[in-house]
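This report goes through selected features of one protein structure, topic by topic. Please keep the sequence and the structure in view while reading.

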Amino acid sequence: MFKSLRAVLLLSLLSALAISVVAIGEDTSSIPGQIALVGADYNIFSYDFATSELTALSQDASLNRHYQWPTWSTDGRIAYFCCDLRATQDTDAQVYISADSISQGELVYEQSLASVIYAYWSPANCASADSTNCRDLALLMNDIGQGGLSVEMLHNGSDITTSQSIASGSPFYYHWNSQGTQLIFHRNGTRLDIYDIAQNDVSFAFDVPSSGLFQAAAWSPVDNRVLFGMSNDVRGQSDLVISDGDAIRTLVANVEGFVSFLWSPDGNNIAYRTLNSAGEFGAVVVVDSRTGDEVSRSTADGLIAFFWSPNSTKIAYLTITEQTRSRILLGWSVLDIALGSDVQYSSFAPTYEMGYLIQYFDQFSPSHRLWSPDSRYLVYSEVVEVDGGISPQVSVIDVNQPTSNPIKISDGVFGVWSYE
């Protein structure tokens with residue numbers, strides 16, 4: 001990551017102010033999973049719905065020491081990072097990992113003149129002798145000293161964490177394959193490469209060029225198919241194609257403008273949305289991943305981001321519901337894929353951190369889940385008015401109850417759901 005045609009959107013989100021009606025104190029013990037969050041004090045916490053307990057994973061945040069980007073692994077460990085450069089002059093990146101989402105994080109890695117701006121755990125254990133207790137963590141580093149972006153790979157074992165630098169480029173996006181053995185890179189707006197963990201080698205992956213009109217290439221969550229945008233003969237257009245072994249086939253031809261796309265978790269469908277040269281966002285369109293036939297689409301245009309439910313039956317998406325000089329409000333809607341119908345929910349003003357995730361949602365979606373494990377709830381972070389002032393909070397909505405109020409989980413600027 002991270003250069004985007006959507007910079008205007010993020011700048012607008014930073015000035016967001018809103019009034020939100022919040023239901024606090026409801027029984028949430030039946031909601032599955034946990035939420036990792038950045039508190040209003042910029043410490044890291046985990047919230048367990050079963051016990052309603054909020055556990056501090058860090059305790060030393062301060063005015064100029066802000067933790068950021070809690071990142072779940074599928075086996076329950078949480079990585080988080082210091083420090084947010086908006087709040088500090090300290091330019092040493094620090095990586096902390098809590099092995100069980102309850103214990104305070106252990107400092108496992110430091111790098112001078114750098115900051116961590118994104119992280120993504122491998123979905124599978126390391127291919128090593130200590131594989132049962134080892135996970136790989138790919139870090140996107142902002143190299144402050146040299147300028148530009150690079151990926152650092154951490155091998156987090158039970159006794160030791162090792163690291164190695166594997167690639168650089170700007171912008172830089174990447175995606176794990178389902179086995180956790182390879183990463184696909186899309187960098188410099190042109191290159192598509194595959195990095196192999198066992199061989200510790202980056203190879204040029206395809207004979208066809210990237211269209212440059214997308215951010216993150218996407219590996220199928222169930223097999224070895226790779227989705228990306230390929231240039232065609234018309235300027236400003238790309239073909240959505242799938243590479244499957246040695247074969248490359250066109251899934252959707254002549255897509256206008258900048259395009260964002262995501263696989264459904266079951267690998268059966270692909271959803272995409274475009275941004276045209278006039279700055280207008282389109283609808284989300286769902287196509288069959290084998291045939292390219294349209295399966296469903298949202299009734300609304302203007303989608304700025306969308307997120308598949310874990311059970312692949314729904315897509316939550318965001319549109320701008322109000323925009324003035326002083327604030328911007330976003331509204332949740334949920335598309336039912338089978339019915340082809342969507343339902344609108346309450347509007348909110350996103351925090352800075354939520355706005356950042358929204359801008360790069362196609363990169364964040366596989367690594368930072370907003371849906372609950374049972375595909376019923378959504379977590380998000382918003383700015384609300386409290387006693388005449390404003391405050392950030394992490395909220396949850398029940399998509400089965402469109403008229404119910406959001407549930408406040410905690411004061412905080414960012415929250416993500418566990419995988420289980």
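## Burial and the model

A residue counts as buried when its relative accessible area is under 20%, as exposed when that area is over 50%, and as partly exposed in between. Glu353, at 7% relative accessibility, is therefore buried. The model is a predicted one.

Glu353 belongs to helix H2, which spans residues 352-359 and is mostly covered, with seven of its eight residues buried. The buried residues of H2 are Glu353, Met354, Gly355, Tyr356, Leu357, Ile358 and Gln359.

Which residue forms a salt bridge with Glu353? The partner is Arg86, and the closest N and O atoms of the two are 2.9 Å apart. This pair links distant parts of the chain: Arg86 sits in the loop between E5 and E6, Glu353 sits in helix H2, and 267 residues separate them.

## Other salt bridges

Side chains of opposite charge can pair when their charged atoms come close. The whole structure holds 13 salt bridges. One of them joins Arg77 to Asp75, with 2.7 Å between the closest N and O atoms. Arg77 is buried, at a relative accessible area of 8%, while Asp75 is partly exposed, at 33%.

Another salt bridge brings together the side chains of Arg225 and Asp223, at 3.0 Å from N to O. Both Arg225 and Asp223 are buried.

## Disulfides

How many disulfides are there? The count comes to two. Numbered in sequence order, the bonded cysteines of the protein chain pair as 1-2, 3-4.

Cys82 and Cys83 form a disulfide with their sulfur atoms 2.0 Å apart. The link of Cys82 and Cys83 is right-handed, with 70° about the S-S bond. Cys82 is buried at 2% relative accessibility, and Cys83 is buried at 5%. The other disulfide joins Cys126 to Cys134, with an S to S distance of 2.1 Å. The torsion about the S-S bond of Cys126 and Cys134 is about -65°, so this disulfide is left-handed. Cys126 has 7% relative accessibility and counts as buried, and Cys134 counts as buried at 6%.

Leu85, Leu113 and Ile144 make a nonpolar surface patch of about 220 Å². Where is Leu85 found? Leu85 lies in the loop between strand E5 (78-82) and strand E6 (93-98). Arg86, the salt-bridge partner of Glu353, is in the loop between E5 and E6 as well.

## The largest pocket

Rolling a probe the size of a water molecule over the atoms shows where empty space is left. The largest pocket holds about 690 Å³ of space. It is lined by 36 residues, and the closest to its centre are Tyr120, Pro221, Ser365, Pro366 and Arg369.

Several elements give two or more residues to the lining of the largest pocket: strand E8 (114-125), strand E12 (172-176), strand E16 (218-219), strand E20 (258-263), strand E24 (303-308) and helix H3 (361-364). Which element gives the most to this lining? Strand E8 does, with four residues.

## Strand E23

Glu294 is found in strand E23, residues 294-297. Glu294 is partly exposed, with a relative accessible area of 46%. Glu294 and Ala271 lie 23 residues apart in sequence, and their C-alpha atoms are 9.7 Å apart in space.

Methods:
Residues are numbered from 1 along each chain as its sequence is written. This is a predicted model: local features need pLDDT of at least 70, side-chain atom pairs count only at pLDDT 80 or more; totals for chains, interfaces and linings use all residues. Side-chain values use heavy atoms; hydrogens and water are left out. Patches are made of residues with over 30% relative accessible area and no salt bridge: like charges are joined within 9 Å, nonpolar side chains (Val, Leu, Ile, Met, Phe, Trp, Tyr) within 5 Å. Accessible areas come from the Shrake-Rupley method with a 1.4 Å probe; for residues, only the protein chains shown count as cover. A salt bridge is a side-chain nitrogen of Lys or Arg within 4 Å of a carboxyl oxygen of Asp or Glu. A disulfide is a pair of cysteine sulfur atoms within 2.5 Å. Buried means under 20% relative accessible area, exposed over 50%, partly exposed in between (1.4 Å probe, protein chains only). On a 1 Å grid over the protein atoms alone, a cavity is a set of points where a 1.4 Å probe fits but cannot get out, and a pocket is an open set with protein on both sides within 12 Å along at least five of seven lines; lining residues have an atom within 4 Å of a point. Grid points are joined across faces, edges and corners, and a volume is the space filled by probe spheres set on the points.
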